[in-house]
Amino acid sequence: VDSLEALKKTGTNGKDIMVQLLDRSTDSFKERTVSFIAALERKPISQRISHEEYLARCKRIENELKNLIGREKISFYRRRHRWRLHIFDNLIFVSTYSDAPLVEGHLSPAYSFTREHDPSLFDTFLNEFNSLYKKP
């Protein structure tokens with residue numbers, strides 16, 4: 001959500017932005033929803049949300065992204081990601097998702113490297129991203 005707010009303020013600055021969202025019809029999304037809401041149970045009441053509010057928030061974020069970067073720049077993935085990827089031209093940031101317990105990628109250590117530093121590894125992660133970036 002913080003990244004979305006920043007994007008609203010600055011715009012895309014002519015950059016080509018592609019986003020992948022987890023398909024809300026998958027079991028993985030249902031598992032993530034349960035995990036996310038359970039984690040909020042440890043927060044103050046003012047920060048807790050219901051299952052329905054979480055679904056509405058996800059739909060709102062999707063619609064805002066469509067307005068900001070265009071519907072054609074958003075795809076939905078159905079299988080579980082192993083990597084959280086941020087790719088900028090020749091620089092990549094990689095962090096992992098954990099299964100047990102489910103840990104969000106932004107809570108894991110991130111590693112960065114350039115294509116020049118390790119072209120084979122860079123291309124492996126880029127191919128992973130591209131393999132998931134398929135339209136329904």
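The expected span of a helix is 1.5 Å times one less than its number of residues. In this predicted model, helix α2 contains 14 residues and reaches 20 Å from its first C-alpha to its last, close to the 20 Å expected at 1.5 Å a residue.

**Helix α2 and its two sides**

Five residues of α2 are named here as buried: S28, F29, T33, I37 and L40. Seen down the axis of α2, these buried residues fall within an arc of 160°, so they line one face of the helix. D27 and V34, on the other side of α2, are exposed. The packing partners of the buried residues of α2 are β1 and α3.

Leaving aside its neighbours within four places in sequence, F29 is in contact with L22, D23, R24, Y54, L55 and C58.

**The nonpolar core**

The largest nonpolar core has nine residues in all: L22, F29, I37, L40, I49, Y54, C58, Y77 and L132. The largest share, three residues, comes from α2. Among the contacts of F29 listed above, L22, Y54 and C58 are also members of this core.

**Salt bridges**

The count of salt bridges in the model comes to seven.

| Pair | N to O distance |
|---|---|
| R78 and D23 | 2.8 Å |
| R60 and E64 | 2.9 Å |
| D123 and R115 | 2.9 Å |

The pair formed by R78 and D23 links distant parts of the chain, its two residues being 55 residues apart. R78 lies in the loop between β2 (74-77) and β3 (83-88), whereas D23 lies in the loop between β1 (19-22) and α2 (27-40). The two partners also fall into separate accessibility classes. R78 has a relative accessibility of 52% and therefore counts as exposed, the cut-off for that class being over 50%. D23 has a relative accessible area of 17% and is therefore buried, since buried means under 20%. D23 is also one of the residues in contact with F29.

R60 has a relative accessible area of 35% and is partly exposed.

In the salt bridge between D123 and R115, each partner is partly exposed: D123 has a relative accessibility of 31%, and R115 has one of 26%.

**A backbone feature at D89**

Which residue has a positive phi although it is not a glycine? That residue is D89, with a phi of about 45°. D89 is found in the loop between β3 and β4 (91-96). With a relative accessibility of 62%, D89 counts as exposed.

How values were computed
Residues are numbered from 1 along each chain as its sequence is written. This is a predicted model: local features need pLDDT of at least 70, side-chain atom pairs count only at pLDDT 80 or more; totals for chains, interfaces and linings use all residues. Side-chain values use heavy atoms; hydrogens and water are left out. A salt bridge is a side-chain nitrogen of Lys or Arg within 4 Å of a carboxyl oxygen of Asp or Glu. Helices (H or I, at least four residues) and strands (E, at least two) are DSSP runs, numbered from the N terminus. Buried means under 20% relative accessible area, exposed over 50%, partly exposed in between (1.4 Å probe, protein chains only). A nonpolar core is a set of buried Ala, Val, Leu, Ile, Met, Phe, Trp, Tyr and Cys residues joined through side-chain atoms within 4.5 Å. Contact means heavy atoms within 4.5 Å. The arc is that of the directions from the helix axis to the C-beta atoms.
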